[in-house]
Amino acid sequence: MVTYAPVERQALFLKAADILEKKQNDIVTILAEETGCTFGFAMFQSMFTPGLLREAAAQVHQISGEIIPADLPGAFFMAIRQPVGVVAGIAPWNAPLILSLRSICLPIAYGNTAVLKPSMERLQRVVW
C-alpha cells in the first residue's frame, strides 16, 4: 500500500483544484451532456468543487489528538486520530462532481483509502 505524506496529499489536492478551474468549460459541457442538467447547475458544480479540493488540502495538517476528561482520579486519557482504512463513497447521477468529491476528499485528506462507486446510470454509459 502506498502512503503519501500530508504535504504530498496537499499538493495533489491543490493541483486537482487548479486543473478543474482550467478545464471549467469542458467540465460544464460534459456535466450538461452526461446528466442533462442546466448550464447554470453545471457551472455551479464546476465552480464549487475546486473549493472542496482546497479545503481538503487545508485539512491534511489538521488531524490532531485530544485529551479526554477522565472519570478516574489521576488518570490521563488521550485520543489519537489516525486513518481508519478504506472509506466507501456512493455518488448519485444528478450532481456527480460535487457529490463524488464531497464523499472522498476529506477521507483521503486524513490518510484513508477511498473507493468511489458512481451511479449505475453513469456506469452503464461508460460500459456501453
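**Salt bridges around one arginine**

In this predicted model, Arg 54 is partly exposed, its relative accessible area being 30%. Side chains of opposite charge can pair when their charged atoms come close. With a salt bridge taken as a side-chain nitrogen of Lys or Arg within 4 Å of a carboxyl oxygen of Asp or Glu, the count for this structure comes to two.

One of these salt bridges joins the side chains of Arg 54 and Asp 18, with an N to O distance of 2.7 Å. The two partners lie in distant parts of the chain, since Asp 18 belongs to helix 1 (residues 6-22) and Arg 54 to helix 3 (residues 39-59), and they stand 36 residues apart. Asp 18 itself counts as partly exposed, at 36% relative accessibility.

A salt bridge is also formed between the side chains of Glu 21 and Arg 54, where the N to O distance is 3.1 Å. This pair, too, links distant parts of the chain, with Glu 21 in helix 1 and Arg 54 in helix 3, 33 residues apart. Glu 21 has a relative accessible area of 42%, and it is therefore classed as partly exposed, because that class lies between the buried limit of under 20% and the exposed limit of over 50%.

Taken together, Asp 18, Glu 21 and Arg 54 are linked in a network of salt bridges.

Definitions and conventions:
Residues are numbered from 1 along each chain as its sequence is written. This is a predicted model: local features need pLDDT of at least 70, side-chain atom pairs count only at pLDDT 80 or more; totals for chains, interfaces and linings use all residues. Side-chain values use heavy atoms; hydrogens and water are left out. Helices (H or I, at least four residues) and strands (E, at least two) are DSSP runs, numbered from the N terminus. Buried means under 20% relative accessible area, exposed over 50%, partly exposed in between (1.4 Å probe, protein chains only).
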